[in-house]
Amino acid sequence: MRYWLFKSEPSTWSWDNQVAKSDEGEEWDGVRNYQARNFMREMKIGDRGFFYHSQKEKSVVGIVEVCAEAHPDSTTEDGRWECVDIKAVRSFAKPVSLDQIKADPRLEDMVLVKNSRLSVQPVSEAEWAAICALGETDPG
């Protein structure tokens, strides 16, 4: 299993929206960055990800799971763009803020710290465990 982080503006697609989709999941569509698209192409069913609210909140609020591998993005006719489907797994007991992440030396090399603009990014196993601990949630 690999780990990822999915960034979303809560005014566009929030954690509550994701949870409401239940096991059906939702396309992680609209990504128009080649590096982010390539990361989605690497994802496998069952991979886990952090759901990150960007803009004002700037915090990890939940855990999602990839429920469909890369396929054409339904929001465009341009064949270059693909997406995966994700479903909500569980909420964090306490959201983990970007400030907390930046202050934790275990997370200093995290892509979120080094390239906060990338909307889909990999997370190492150690980073996964550290953030789950900060958010008081089971990493499994």
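Six strands make up an open sheet whose order is 2-5-4-3-1-6, with mixed pairing; here strands (E, at least two residues) and helices (H or I, at least four) are DSSP runs numbered from the N terminus, and two strands pair if DSSP finds at least two bridges between them. Strand 2 and strand 6 (120-123) stand at the edges with a single partner strand each, so one side of each is left without a neighbour in the sheet. This is a predicted model, in which local features need pLDDT of at least 70 and side-chain atom pairs count only at pLDDT 80 or more, while totals for chains, interfaces and linings use all residues. Residues are numbered from 1 along each chain as its sequence is written, and side-chain values use heavy atoms, with hydrogens and water left out.

**The chain as a whole**

- The protein chain has five helices and six strands, and from the N terminus on its elements follow the order β-α-β-α-β-β-β-α-α-β-α.
- For 140 residues a compact globule would have a radius of gyration near 14 Å, and the protein chain agrees with this at 14 Å; the radius is taken over C-alpha atoms, and the globule rule is 2.2 Å times the number of residues to the power 0.38.
- Along the principal axes, the C-alpha atoms of the protein chain fill a box of roughly 40 × 30 × 30 Å.
- Of the 140 residues, 46% count as buried, where buried means under 20% relative accessible area, exposed over 50%, and partly exposed in between (1.4 Å probe, protein chains only).
- Among the contacts (heavy atoms within 4.5 Å) with a separation of 6 or more, 70% come from residues 24 or more positions apart.

**Strand 3 and the strands paired in the sheet**

- Strand 3 is mostly covered, since six of its six residues are buried; Arg48, Phe50 and Tyr52 point one way, whereas Gly49, Phe51 and His53 point the other way.
- Strand 1 and strand 3 run parallel and are joined by six bridges, and Leu5 stands opposite Phe50 in strand 3.
- Strand 3 also pairs with strand 4 over six bridges, in the antiparallel sense, and the bridge partner of Arg48 in strand 4 is Glu65.
- These two strands, strand 3 and strand 4, form a hairpin with five residues between them, and Gln55 in the turn has a positive phi of about 65°.
- Strand 4 is joined in turn to strand 5 (residues 82-97) by ten bridges, the two running antiparallel, and Ala68 stands opposite Asp85 in strand 5.

**Positive phi in loops**

- Most residues other than glycine have a negative phi.
- Ser22, in the loop between helix 1 (15-20) and strand 2 (26-27), has a positive phi near 55°, and Ser22 is partly exposed with a relative accessible area of 44%.
- Lys58, in the loop between strand 3 (48-53) and strand 4 (59-72), has a positive phi near 45°, and Lys58 is partly exposed at 42%.

**The largest pocket**

- About 590 Å³ of space lies in the largest pocket, the volume being the space filled by probe spheres set on grid points that are joined across faces, edges and corners.
- A pocket is an open set of points on a 1 Å grid over the protein atoms alone, where a 1.4 Å probe fits, with protein on both sides within 12 Å along at least five of seven lines, and lining residues have an atom within 4 Å of a point.
- The largest pocket is lined by 22 residues, of which Lys7, Ser8, Glu9, Ser54 and Ser119 lie nearest its centre, and the elements giving two or more residues to this lining are strand 1 (3-8) and strand 2.
- The lining residues divide into six nonpolar, eight polar and eight charged; Ala, Val, Leu, Ile, Met, Phe, Trp, Tyr, Cys and Pro count as nonpolar, Asp, Glu, Lys and Arg as charged, and the others, Gly among them, as polar.
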